[in-house]
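Work through the exercises below with the sequence and the model in view. Each task is followed by a worked solution.

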Amino acid sequence: MEVAVAMTILGVGAAVVAAMHLTWPAPELPAMAYAVSNGEPGVSDLKPFEINDVSGAPVELTPGGVGSRLVRLSNPNSVDIVVMTLQAVPGQPLDAAHNRVPDCPSGVLSVRPMAEPVSIPPAGAVEVEMVVQISPDVPDACQDSVFPLTYSGRATRG
């Protein structure tokens, strides 16, 4: 009895000296792709929950540094849901012209999964913090890069 949801958000990054700035577009503009788990009873009538990065301000990370993003999870259903998992996976970084940066591996950026399940009331929303970390060994090629993030999660009936 689970609903799976995925969302892609492009992060606009710029490295200044030893700092990396990661920003995301306005929360009302994300591109979303949803999927409902197949073969699970009681899920077909549930709408997918929504994932929106609502931090607004850029995250500045120095090599090895840790920051956070505030993510809003919204329940469009008329019943309680429990979001069991939420994670984000960095994609291949892009330059300012939106070309891939082959010498900047996506693995230099990581996002810790949500630690605990959260309940969301009908037509309600909750905000959770996602911890973002940059590797201590960031290649020079990563400067001024854009990191795409794909958020995904699973929810069950509450």
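A residue counts as buried when its relative accessible area is under 20%, as exposed when over 50%, and as partly exposed in between. The model is a predicted one.

**Exercise 1.** Find which elements have the lowest and the highest mean pLDDT.

Solution. Start with the chain: its mean pLDDT is 74, and 71% of the residues reach 70 or more. Last, look at residues 1–39, where pLDDT stays under 50 although the model has 132 contacts beyond four places in sequence for them. Where pLDDT is low, the predicted coordinates should not be read in detail.

**Exercise 2.** Locate the salt bridge of Asp 53 and classify Asp 53 and Arg 69 as buried or exposed.

Solution. A search of the whole structure gives two salt bridges. In one of them Asp 53 pairs with Arg 69, with 2.7 Å between the closest N and O atoms. Asp 53 lies in strand β4 (residues 50–53) and Arg 69 in strand β6 (residues 66–74), 16 residues apart, so the pair links distant parts of the chain. Asp 53 has a relative accessible area of 2% and is therefore buried. Arg 69 is also at 2%, so Arg 69 counts as buried.

How values were computed:
Residues are numbered from 1 along each chain as its sequence is written. This is a predicted model: local features need pLDDT of at least 70, side-chain atom pairs count only at pLDDT 80 or more; totals for chains, interfaces and linings use all residues. Side-chain values use heavy atoms; hydrogens and water are left out. pLDDT is the predictor's confidence in each residue, from 0 to 100. Helices (H or I, at least four residues) and strands (E, at least two) are DSSP runs, numbered from the N terminus. Contact means heavy atoms within 4.5 Å. A salt bridge is a side-chain nitrogen of Lys or Arg within 4 Å of a carboxyl oxygen of Asp or Glu. Buried means under 20% relative accessible area, exposed over 50%, partly exposed in between (1.4 Å probe, protein chains only).
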